[in-house]
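Subject: Model handover

Hello,

Here is the model for your files. Please open it alongside this note.

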Amino acid sequence: METKNQPLTEALFYILLSTRKPVHGYGIIQEVEELTGGRVSLGPGTLYGAINTLLERNWIVLHSAELGSRRKKEYVITPQGREAFGVEMRRLRELVQNGEKMEDGA
């Protein structure tokens with residue numbers, strides 16, 4: 001699956017950011033809301049669809065799972081996920097820098 005030049009969705013970006021340490025789904029929802037001041041609120045469908053995408057891309061992995069419970073799965077970012085996140089950060093910085101140049105009249 002080729003994803004190198006595709007921008008990350010906001011959900012994927014924040015999930016990757018949230019998984020820098022092992023975290024379960026509800027923890028991701030809480031952290032994203034806190035980071036964005038409530039502007040981004042991930043519903044369960046969006047969250048778990050995005051998690052499945054990230055698992056398929058090997059950008060996150062299942063860190064641990066509580067036996068007998070679907071709710072206590074913890075996820076953590078992989079080296080490939082960190083690389084994808086870094087690429088996106090550079091892309092976003094370029095966007096902001098170019099926008100600031102336009103504002104400054106350069």
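Below is what was found in it, from the overall layout down to single residues.

This is a predicted model, in which local features need pLDDT of at least 70 and side-chain atom pairs count only at pLDDT 80 or more, while totals for chains, interfaces and linings use all residues. Residues are numbered from 1 along each chain as its sequence is written, and side-chain values use heavy atoms, with hydrogens and water left out.

Overall layout. The protein has four helices and three strands. These are DSSP runs numbered from the N terminus (helices: H or I, at least four residues; strands: E, at least two). From the N terminus the order is α-β-α-α-β-β-α. Of the 106 residues, 33% are buried (under 20% relative accessible area; exposed is over 50%, partly exposed in between; 1.4 Å probe, protein chains only). The accessible surface is about 7,100 Å², and carbon and sulfur atoms hold 51% of that (Shrake-Rupley method, 1.4 Å probe; for residues, only the protein chains shown count as cover). Take the contacts between residues at least 6 apart in sequence: 51% of them join residues at least 24 apart. Contact means heavy atoms within 4.5 Å.

Helix H4. H4 covers residues 79-103, 25 residues in total. From first C-alpha to last it reaches 36 Å, close to the 36 Å expected at 1.5 Å a residue (1.5 Å times one less than the number of residues). Its buried residues are Gly81, Ala84, Phe85, Gly86 and Glu88. Their cover includes helix H1 (10-18) and strand E3 (74-77). Gly105 follows H4 and has a positive phi, near 80°.

H1 against H2. H1 packs on helix H2 (residues 25-35) at about 110°, with the axes 10 Å apart. Axes are lines fitted to C-alpha atoms, for helices over the stretch in contact; angles run from 0 to 180 degrees between N-to-C directions. The two helices are therefore roughly perpendicular (65 to 115 degrees; under 35 is roughly parallel, over 145 roughly antiparallel, the rest oblique). H1 contributes Tyr14, Ile15, Leu17 and Ser18 to the contact; H2 contributes Ile28, Glu31, Val32 and Leu35. Six of these residues are nonpolar, one is polar and one is charged (nonpolar: Ala, Val, Leu, Ile, Met, Phe, Trp, Tyr, Cys and Pro; charged: Asp, Glu, Lys and Arg; polar: the others, Gly among them).

Ile29. This residue lies in H2. Ile29 is buried, at 15% relative accessible area. Leaving out residues up to four places away in sequence, Ile29 touches Leu42 and Leu47. The C-alpha atoms of Ile29 and Leu47 are 7.7 Å apart, across 18 residues of chain.

Best regards
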